[in-house]
Amino acid sequence: MSAIDLRLLPTTASVDGAGNLSIGGVSIADLASQFGTPLFVYDEQHLRERCREAVAAFGPDSVIYATKAFLCKAMAQLAHEEGVLLDVATGGEFHVALQAGVPGDRCVMHGNNKSLDELRMAITNNIRHIVVDSFDELSRLETLHAEGLAVPRVQLRITPGVHVNTHDYISTGQDDSKFGFNLNNGDAHRAIEQARNSAAVNLVGIHCHIGSNVLAIENFEDASKVMVDLFASSGLQELTLGGGLGVAYTERDNAPTMQQWSTVLKRAAASLPSTARIYVEPGRSIVATAGITVYNVGTVKHIEGVRTYIAVDGGMSDNMRPALYESEYEVFDPARTNADRTERARIVGKHCESGDILVFNAPVAPNVAVGDLLVTPVTGAYGYSMANNYNKVTRPAVVFVANGVARLVVRRENLDDLTRLDV
Ligand SMILES: Cc1ncc(COP(=O)(O)O)c(C=O)c1O
């Protein structure tokens with residue numbers, strides 16, 4: 001197998017004559033020795049370019065970054081500076097956005113089971129709109145109205161009954177879904193009617209999100225057609241067509257570009273009046289390829305005739321995706337970036353589970369040894385955001401790199417953090 005495909009790396013990745021990788025003008029070896037491993041490294045230029053590309057493709061104030069993909073104060077600030085709105089799916093995500101200085105009216109709130117407190121927080125902080133997911137949520141908004149809270153602008157999340165080619169766990173637009181108002185059984189129409197007649201909400205639009213890591217552009221086309229028909233007959237002003245644009249995780253994947261995505265959505269919406277306001281909510285496609293994870297190898301175990309296991313100092317606590325969805329990744333040694341990866345190994349973590357796998361059957365450069373660094377690229381989305389303390393490991397640090405400077409944006413947890421909640 002050949003060397004790592006550089007298209008999987010962030011924009012500013014560069015490799016010197018000896019094969020050492022740098023991102024944002026900072027060498028990975030230096031980052032590992034300064035900040036330790038495991039380490040999340042984000043290319044700030046890449047993040048900004050992806051935000052700009054999305055805004056250029058869809059227009060100003062039309063792109064809502066889905067913060068669940070990766071959120072910390074620095075990320076919220078970066079997206080806000082680039083003119084991108086923020087999708088928060090919980091009070092916790094909203095809290096981080098507010099703490100980062102993002103005004104409430106630059107955020108929208110999601111969630112299939114928002115509590116009264118979360119809804120109250122959204123309204124009192126002047127959220128741009130709430131995407132209402134259920135009849136129970138409409139009742140909760142009536143309760144808050146009775147308390148005298150302001151009337152929020154709302155969109156209704158519709159489940160358009162569209163199947164997508166992605167993992168079942170991240171497929172959300174089919175009839176059998178916990179999310180949204182079902183179109184095919186009439187719930188969507190009933191919810192529109194109810195919201196329209198309610199004094200507790202100001203119904204401005206409808207919303208759908210069919211799933212995540214969608215690689216087949218036809219899936220977006222199918223869902224958009226259904227949503228555009230419903231929107232046209234509803235007389236509403238705002239239509240959100242979700243996020244879900246997939247990315248290439250391995251050399252075998254082909255993902256549509258942001259431009260192709262926008263062309264398909266705009267074509268579907270071409271018949272709508274120019275006053276219709278269209279939003280999209282990309283998460284993964286903004287941050288995934290901007291981030292890499294750097295690990296240190298601690299154990300190499302050869303089982304003759306079976307396989308080689310290479311264990312690193314992180315694992316399912318910093319990247320749950322292989323364990324959750326059998327997601328595939330590439331891996332390489334950042335000191336030998338150009339080396340052909342002629343051997344095979346399973347890259348595993350340090351947790352007490354056989355399912356603690358980072359790469360199932362990875363091509364690796366020959367003779368990976370204890371003390372080597374390994375990098376998994378395309379780990380900028382749903383890696384740190386799903387990170388956990390299983391086995392009481394401390395969560396990694398996150399650095400942003402740009403113009404030769406590394407900026408620590410989330411510090412590494414320490415042992416005291418592991419008992420800070422114990423009473
Ligand atoms: C409502 C909603 N919008 C947007 C997204 C972002 O999806 P992605 O990161 O695949 O773009 C999600 C993720 O699941 C979501 O639930």
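**Close-up views of a predicted model**

**View 1. The buried side of helix α6.** In α6, the buried residues include Glu137, Leu141 and Leu144; buried here means that 20 or more other C-beta atoms, placed from the backbone, lie within 10 Å of the residue's own, while exposed means 12 or fewer and partly exposed is in between. These three lie on the same side of α6 because they cover an arc of only 55° around the axis, an arc taken from the directions between the helix axis and the C-beta atoms. Among what covers the buried residues are α5 (116-124) and β8 (129-132). Helices (H or I, at least four residues) and strands (E, at least two) are DSSP runs, numbered from the N terminus.

A word on what you are looking at: this is a predicted model, in which local features need pLDDT of at least 70 and side-chain atom pairs count only at pLDDT 80 or more, whereas totals for chains, interfaces and linings use all residues. Residues are numbered from 1 along each chain as its sequence is written.

**View 2. Helix α6 from end to end.** Residues 135-146 form α6, a helix of 12 residues. From first C-alpha to last, α6 reaches 17 Å, close to the 16 Å expected at 1.5 Å a residue; the expected span is 1.5 Å times one less than the number of residues. After α6 comes glycine 148, with a positive phi near 100°.

**View 3. Glutamate 118 in helix α5.** Here we look at glutamate 118, which sits in α5. Glutamate 118 counts as buried because it has 22 C-beta neighbours inside 10 Å. Neighbours within four places in sequence aside, glutamate 118 is in contact with Thr90, Gly91 and Gly111, where contact means that C-beta atoms, placed from the backbone, lie within 7 Å.

**View 4. The shell around the ligand.** The ligand is surrounded by 17 residues, the closest being Ala66, Ser212, Gly243, Gly283 and Arg284; a residue is near a molecule if its C-beta atom, placed from the backbone, lies within 6 Å of it. By class, the shell has 4 nonpolar, 9 polar and 4 charged residues. Ala, Val, Leu, Ile, Met, Phe, Trp, Tyr, Cys and Pro count as nonpolar, Asp, Glu, Lys and Arg as charged, and the others, Gly among them, as polar.

Terms used: Contact = placed C-beta atoms within 7 Å.
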